[in-house]
Amino acid sequence: MVLELKRFLANEWKGYKGRPFLISGPCSAESEEQVMATAAELAQIPEVSVFRAGIWKPRTRPNSFEGVGSEGLKWLRTVKQETGLMVGTEVANEKHVYEALKYGVDLLWIGARTSVNPFTVQEISDALKGVDVMVLVKNPINPDLELWIGAIERIARAGITKLGAIHRGFSTYEKTIYRNQPNWQLPIELRRRIPDIPIICDPSHMSGKREYLFELSQKAMDLNFDGLMLESHTDPDHALSDAAQQITPGELKELLSRLILRSPVASDPKLLDILGELRQQIDVFDDALLDILEKRMKVAETIGQYKKDNNITILQPTRWDEIIRKVVVHGQVKGLSSGMIDTIFKAIHQESINHQMRIMNNGIDTPAETS
Ligand code: PEP
Ligand code: MN
């Protein structure tokens with residue numbers, strides 16, 4: 001994959017240097033007046049590099065506002081001419097790509113409801129062959145990193161090098177404070193897998209509510225994200241889509257002024273010394289964790305041998321229930337979140353079962369072990 005967007009933003013794009021790459025604008029283009037008024041205000045905020053507006057809106061239910069369609073692309077072209085901002089919109093099929101390119105849209109993004117579908121992403125990729133445009137791929141609505149990477153690879157194959165990712169959170173069935181769960185470990189893992197890809201956080205679609213925009217934006221900055229996409233509307237409460245999560249350009253300015261931007265690398269030698277020493281301590285603890293896990297698995301294997309010799313089942317639900325309750329309580333006393341304890345101990349338990357299975361099956365791997 002040839003990925004040039006990070007370099008482009010750092011070296012060639014005047015607005016970026018040392019600042020998050022900021023994309024802002026209304027959820028939807030609603031009218032020429034609304035688009036022009038919002039863009040005029042956003043153009044006064046130096047951090048804003050790209051004006052966004054949805055032209056075709058993927059709505060959950062029919063009979064909602066589904067966007068103004070190609071008509072709105074003319075307004076985006078005017079925004080570009082009159083403010084000098086780059087303009088961006090969502091594309092969900094090849095027709096959208098052709099239309100947006102015809103009107104000189106600089107940045108296309110693939111929405112969460114589209115990046116789940118490899119056929120559609122491929123169709124978009126085919127339409128992008130040989131085109132020099134910026135493309136950002138939103139995470140799919142379900143927390144599936146491979147699907148996200150697959151969509152990025154499909155777009156890269158079209159020859160798009162100004163390619164980035166947008167983290168907008170993941171749908172869940174349970175009600176949580178955010179509209180979409182951040183699952184920060186997924187974009188962090190994405191960065192490990194594709195180090196050169198810039199990742200933009202979209203706190204608007206993640207939170208679903210304007211009061212959480214600041215905390216999510218700050219978190220993204222602290223995790224060294226490359227940019228932010230924040231929805232902004234001159235009259236958010238009367239927006240035709242996503243009213244609860246949009247903020248006025250004035251509120252955006254205020255939010256940006258409160259953001260603390262920290263350096264991704266330490267340059268002060270004294271600080272580097274301190275960090276180096278603390279990281280050594282972390283490495284020692286990580287090794288100790290591995291040693292303890294190894295010992296724990298050895299004990300589990302011995303238990304497996306006893307169970308085998310006495311012909312009893314591996315899974316003992318009451319014992320497992322007892323363990324999970326106990327560790328959650330003990331963990332809380334130590335300031336460890338019950339969610340983390342639950343995840344770690346379920347994984348440890350699964351690993352113990354796998355080790356015991358191997359003993360029971362005379363060293364032959366079982367499907368449980370490899371799944
Ligand atoms: C959007 O950016 O307007 C949008 C529809 O976002 P998502 O695909 O993240 O829901
Ligand atoms: Mn929206």
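Visitor: In which helix is His349 found?

Guide: Helices are DSSP runs of H or I with at least four residues, strands are runs of E with at least two, and both are numbered from the N terminus. His349 is found in helix H14, in a protein chain whose secondary structure comes to 15 helices and eight strands. This is a predicted model in which local features need pLDDT of at least 70 and side-chain atom pairs count only at pLDDT 80 or more, while totals for chains, interfaces and linings use all residues. Residues are numbered from 1 along each chain as its sequence is written, chains are lettered from A and ligands numbered from 1 in the order in which they are written, and side-chain values use heavy atoms, with hydrogens and water left out.

Visitor: Is His349 buried or exposed, and which residues is His349 in contact with beyond its neighbours within four places in sequence?

Guide: Burial is read from relative accessible area (buried under 20%, exposed over 50%, partly exposed in between, with a 1.4 Å probe and protein chains only). His349 has a relative accessibility of 16% and therefore counts as buried. Contact means heavy atoms within 4.5 Å, and once its neighbours within four places in sequence are left aside, His349 is in contact with Leu315 and Trp320. His349 and Ile323, which are 26 residues apart in sequence, have C-alpha atoms 9.7 Å apart in space.

Visitor: At what angle do the axes of H13 and H14 cross, and how far apart are they?

Guide: Axes are lines fitted to C-alpha atoms, for helices over the stretch in contact, and angles run from 0 to 180 degrees between N-to-C directions. The axes of H13 and H14 cross at roughly 145 degrees and come within 9 Å. On the H13 side Trp320, Ile324, Val327, Val328, Gly331 and Gln332 take part, and these meet Ser338, Ile341, Asp342, Phe345, Lys346 and His349 in H14.

Visitor: At what angle do helix H12 and helix H14 pack?

Guide: Helix H12 (residues 269-309) and helix H14 (residues 338-360) pack at an angle of about 45 degrees, and their axes are 8 Å apart. The residues that H12 brings to this contact include Leu293, Met297, Ala300 and Ile303, and among those that they meet in H14 are Ile348, Ser352, His355 and Ile359.

Visitor: How is the protein chain divided by its domain assignment?

Guide: Domain bounds come from an automatic or database domain assignment, which here gives domain 1 (2-258) and domain 2 (269-370). The C-alpha centres of domain 1 and domain 2 lie 40 Å apart, and the C-alpha trace of the protein chain spans about 80 × 50 × 40 Å along its principal axes. Of the 371 residues, 45% count as buried, and among contacts with a separation of 6 or more, residues 24 or more positions apart account for 72%.

Visitor: Which residues coordinate the manganese ion (ligand 2)?

Guide: Donors are N, O and S atoms within 2.8 Å of the metal (3.2 Å for Na, K and Ca), and sites may look incomplete because water is not among the atoms. The manganese ion (ligand 2) is coordinated by Cys27 through SG, His205 through NE2, Glu231 through OE and Asp242 through OD, at 2.0 to 2.3 Å. The spacing of these donor residues in sequence is C-x177-H-x25-E-x10-D. Cys27 lies in the loop between strand S1 (21-25) and helix H2 (32-42), whereas Glu231 lies in strand S8 (residues 227-231), so the pair ties together parts that are 204 residues apart in sequence. Cys27 and Glu231 are buried.

Visitor: What is the phi of Asn63, and what is the phi of Asn311?

Guide: Most residues other than glycine have a negative phi, and most peptide bonds are trans. Asn63 has a positive phi of about 70 degrees although it is not a glycine; Asn63 lies in the loop between strand S2 (48-52) and helix H3 (71-83) and is exposed, with a relative accessible area of 81%. Asn311 has a positive phi of about 60 degrees, lies in the loop between H12 and helix H13 (317-333), and is exposed at a relative accessible area of 73%.

Visitor: Where does Tyr173 lie, and where is the place of Gln181?

Guide: Tyr173 lies in the loop between strand S6 (163-167) and helix H8 (185-193), and Gln181 has its place in the loop between S6 and H8. Tyr173 is exposed, with a relative accessible area of 79%, whereas Gln181 is partly exposed, with a relative accessible area of 21%. Not counting residues up to four places away in sequence, Gln181 touches Gly169, Phe170, Thr172 and Thr176.
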